[in-house]
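Trainee: Please take a close look at one part for me: the charged side-chain pairs. Then set them beside the strands and the surface.

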Amino acid sequence: MDEKTLKILIDAGSVKQLKIIADGALFHVDVVTAKKGAITALTTKGSVKTWSTLDATARWIRSLGIGKAQLDVSGWRPGQRELPI
């Protein structure tokens, strides 16, 4: 789900919860809706939207008008480097 679609769902009241998920050294956001369940936030090109810091992730969520999110740091490995693609 890209940012434009997410904003539409937020305005419609369809978003039930946002989850910040730590994976390696990066963070991504899962959007929980009533109908579709958890959907990962994507860039406009279709790849998973990621951040390297928790505060950058929180700023993005706050810019959408959301003030509350669940944080899952079970997969967080702050020293882990990304694999080159």
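**Salt bridges and their surroundings**

Mentor: The count comes to 2 salt bridges. Keep in mind that this is a predicted model. Side chains of opposite charge can pair when their charged atoms come close.

Start with Glu 3 and Lys 7. Their closest N and O atoms are 3.5 Å apart, and the cut-off is 4 Å, so the pair qualifies as a salt bridge. Both residues belong to helix H1, which covers residues 3-12. They sit 4 residues apart, about one turn of the helix. Glu 3 has a relative accessible area of 27%, which makes it partly exposed. Lys 7 is partly exposed too, at 39%.

Now the other pair, Arg 59 with Asp 55. Here the closest N and O atoms are 3.2 Å apart. Helix H2, residues 54-63, holds both partners. The spacing is 4 residues, about one turn of the helix. Arg 59 reaches 55% relative accessibility and counts as exposed, because the class begins over 50%. Asp 55 stays at 45%, so it is partly exposed.

Next, the strands. S1 spans residues 15-24 and S2 spans residues 26-33. They run antiparallel, joined by 8 bridges. Val 15 faces Thr 33 of S2 across this pairing. The two strands form a hairpin, with 1 residue between them.

S1 also pairs with S5, residues 70-76. This time the strands run parallel, and 5 bridges join them.

A nonpolar patch of about 330 Å² is made by Leu 54, Leu 71, Val 73 and Trp 76. S5 gives the largest share of the patch, 3 residues. Val 73 is placed in that strand. At 40% relative accessibility, Val 73 counts as partly exposed. Patch residues need over 30%, so Val 73 clears that cut-off.

To go over it again on screen, begin with Glu 3 and Lys 7 in H1. Move to Arg 59 and Asp 55 in H2. Then follow S1 to its antiparallel partner S2 and its parallel partner S5. Finish at the nonpolar patch, with Val 73 among its residues.

Technical notes
Residues are numbered from 1 along each chain as its sequence is written. This is a predicted model: local features need pLDDT of at least 70, side-chain atom pairs count only at pLDDT 80 or more; totals for chains, interfaces and linings use all residues. Side-chain values use heavy atoms; hydrogens and water are left out. A salt bridge is a side-chain nitrogen of Lys or Arg within 4 Å of a carboxyl oxygen of Asp or Glu. Buried means under 20% relative accessible area, exposed over 50%, partly exposed in between (1.4 Å probe, protein chains only). Two strands pair if DSSP finds at least two bridges between them. Patches are made of residues with over 30% relative accessible area and no salt bridge: like charges are joined within 9 Å, nonpolar side chains (Val, Leu, Ile, Met, Phe, Trp, Tyr) within 5 Å. Accessible areas come from the Shrake-Rupley method with a 1.4 Å probe; for residues, only the protein chains shown count as cover.
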